[in-house]
Amino acid sequence: MPTTQTALAPTAEPRRRFVLCASAALLAPAWPAFAQFRVEISGVGATQVPIVTTRFRDEDRTGVSLSGIVRADLERSGLFRNIDTSATLDETATPAMSDWRAQAADALVGGSVTRLADGRVDVRFKLWDVVKGREIGGQSNVVEATDLRLAAHRIADYVHEKLTGEKGVFSTRIAYVTKGGGRFTLRVSDADGEGGQVALNSPEPIISPAWSPDGRELAYVSFESQKAVVYTQEVTSGKRRAIANFRGSNSAPAWSPDGQTLCATLSREGGSQLYLMSRNGDNLRRLTTSQAIDTEPAFSPDGRSIYFVSDRGGGPQVYRIPAGGGTPERITFVGSYNISPAISPDGRTLAYITRLGNAFRLYTLDLSNGGTPQALTETNDDESPSFAPNGRLIIYASRSQGRDVLMTTTLDGKIKARLVSTTADVREPVWGPYGR
Amino acid sequence: MKAIRVAQHGLWVLAASALLAGCSSVSLDDKDKVPVESRTGSTVTPGGTGAGANTNPNSQTQVASVDLTRRSTEAAQAANLRIVYFDFDSFVVKDEFRPVIDANAKVLTVDRKRKLAIEGHTDERGGREYNLALGQKRAEAVAKSLALLGASDSQLEAVSFGKERPAVQGSDEAAWAKNRRAELVNR
């Protein structure tokens, strides 16, 4: 069944200006059974849309709290403030707008879940503008019973886009590495950390995962043969191949935006230098030629340059080189140790890790005006930043109470969400592209 | 002499069966206990004999042979001659580790079929990929030292584990010092 939209034409709603006086650290309700992560949100955003998401009719029968997932997604984006309710509303209701206005809500979401004869599920929802007292729009989404979480994320994306004008990233996926019990896994989960599945299970370390731009493959470094080797692996089939297994160490794979080229760090000619190769490992050519360490490549979104880390100036700093080769240009000048560059999808912001004394902290730098670097956190063991495809959030790894944890933050550092693993240490998150 | 030969063979069998049983994370200690198959099968004991020597204890022309080269070959396999430690942020092979280089270079020049992997490591501080590259520098420094003493390039592969395989857990200088190392491993 195709996704259908209701007859009412949607209009783009301007963001409501809203100043909050209190900050709260909220714990999302614990889902039964399958929660691998808890979402803990802290911080205050300057402008947030107050929104009510009621319970969906019959969602209790599925064991998946779709309305709860929508609420958590919207909260984590930093652009919404949830108003609690125990009410249930479906998409055919005519809500009493004055009641919702009295609760200071600007927007309202309701919906229903219906099991079809063939076992699939019809998830329907409606979004209302409470202030104007009318529908904005809604959809019907028929999914397999195993994809209910994805259906909820799609609702949150719809709400995000209608009310902010920007695409939401709730239907995207992340990949990350876990370490525990002497084993390492590479996992893929929803962007909220739930529904994690194991893509690779190994007794030896796995590092540096990287999504292909079409979201179909992951590149990563595996030590299964007692050295660093770059693999690419199809996510759905598990089919994998060693892309770079030259003499010495092979690591830090990065995909070009068109998915046809990989850049990686190889030590085949001594030292650690950047090389380009086609997506199947052919056509190897050397990109950097220094006596230093050159590593951690990251393509710019237009594919024309590659950012990377080099210690040719003494300590590791971020540089940029034309993708076709040429003279590298230094990008970071503040601090003696800057690594792990990540570029925002619009190409304008660099996120990276700076060492300050004994602490490693997440910073951003505006690439267009080269201004002052901005600290995003106050924690001491940050690593591996990665942008969401809408450029509004960064996922990174950090350390809290002796455990490795995954965090998301808004670009101003104001709203942070903690995806906490309850079983193993988690590290090296990478945010996947749009496309589900 | 015969008893030692049998014991060595027994250890080989144990090690081999451990590998076959899917024991894929061989710990550092196990590697150090894997003996090297000796060529002559003899060892130094008082009144002992080398291969082909006159073994008649009543002979008046018997000469006991003390083989110092073999002892250094076996000694090189001992744990403390398999690891080079490094100062913070450094990949210089310090003088105190000359014996490690000497012993292993000797083994390699004597037997050109012998291969070694040199595995470089760092302590836990810093980024994973940058530390992988630092570990690579340590491994390559050791490889270069071995090559200068006669080992050929084809016998050596320098690789790195960065900070991914610490020898010692802990976040103090004592632990960090034990993790900044290059290990020489039979391949």
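Predicted model: local features only at pLDDT ≥ 70, side-chain atom pairs only at ≥ 80, totals over all residues.
Strand 9 of chain A covers residues 173-180, and five bridges join it to strand 32 of chain A. The two run antiparallel.

Both strands are part of an open sheet of four strands in chain A. The order is 11-10-9-32, and the pairing is antiparallel. What stands at the edges of the sheet? Strand 11, residues 197-202, and strand 32, residues 425-431, of chain A do. Each has a single partner strand, so one side of each is left without a neighbour in the sheet. On average, neighbouring strands here are turned by 20° against each other, direction ignored.

Now to the backbone. Most residues other than glycine have a negative phi. Two residues are worth a look here.

A:Asn283 has a positive phi, near 55°, and is not a glycine. You will find A:Asn283 in the loop between strand 18 (273-278) and strand 19 (285-286) of chain A. Is A:Asn283 buried or exposed? Within 10 Å there are 10 other C-beta atoms, and the limit for exposed is 12 or fewer, so A:Asn283 is exposed.

The second residue is A:Glu296, also not a glycine, with a positive phi of about 55°. A:Glu296 is located in strand 20 of chain A, residues 294-299. A:Glu296 counts as buried because it has 30 C-beta neighbours inside 10 Å, and 20 or more are needed for that.

Note on methods
Residues numbered from 1 in each chain as written. Chains lettered and ligands numbered in written order. Pairing = 2+ DSSP bridges. Axes fitted to C-alpha atoms, helices over the stretch in contact; angles between N-to-C directions.
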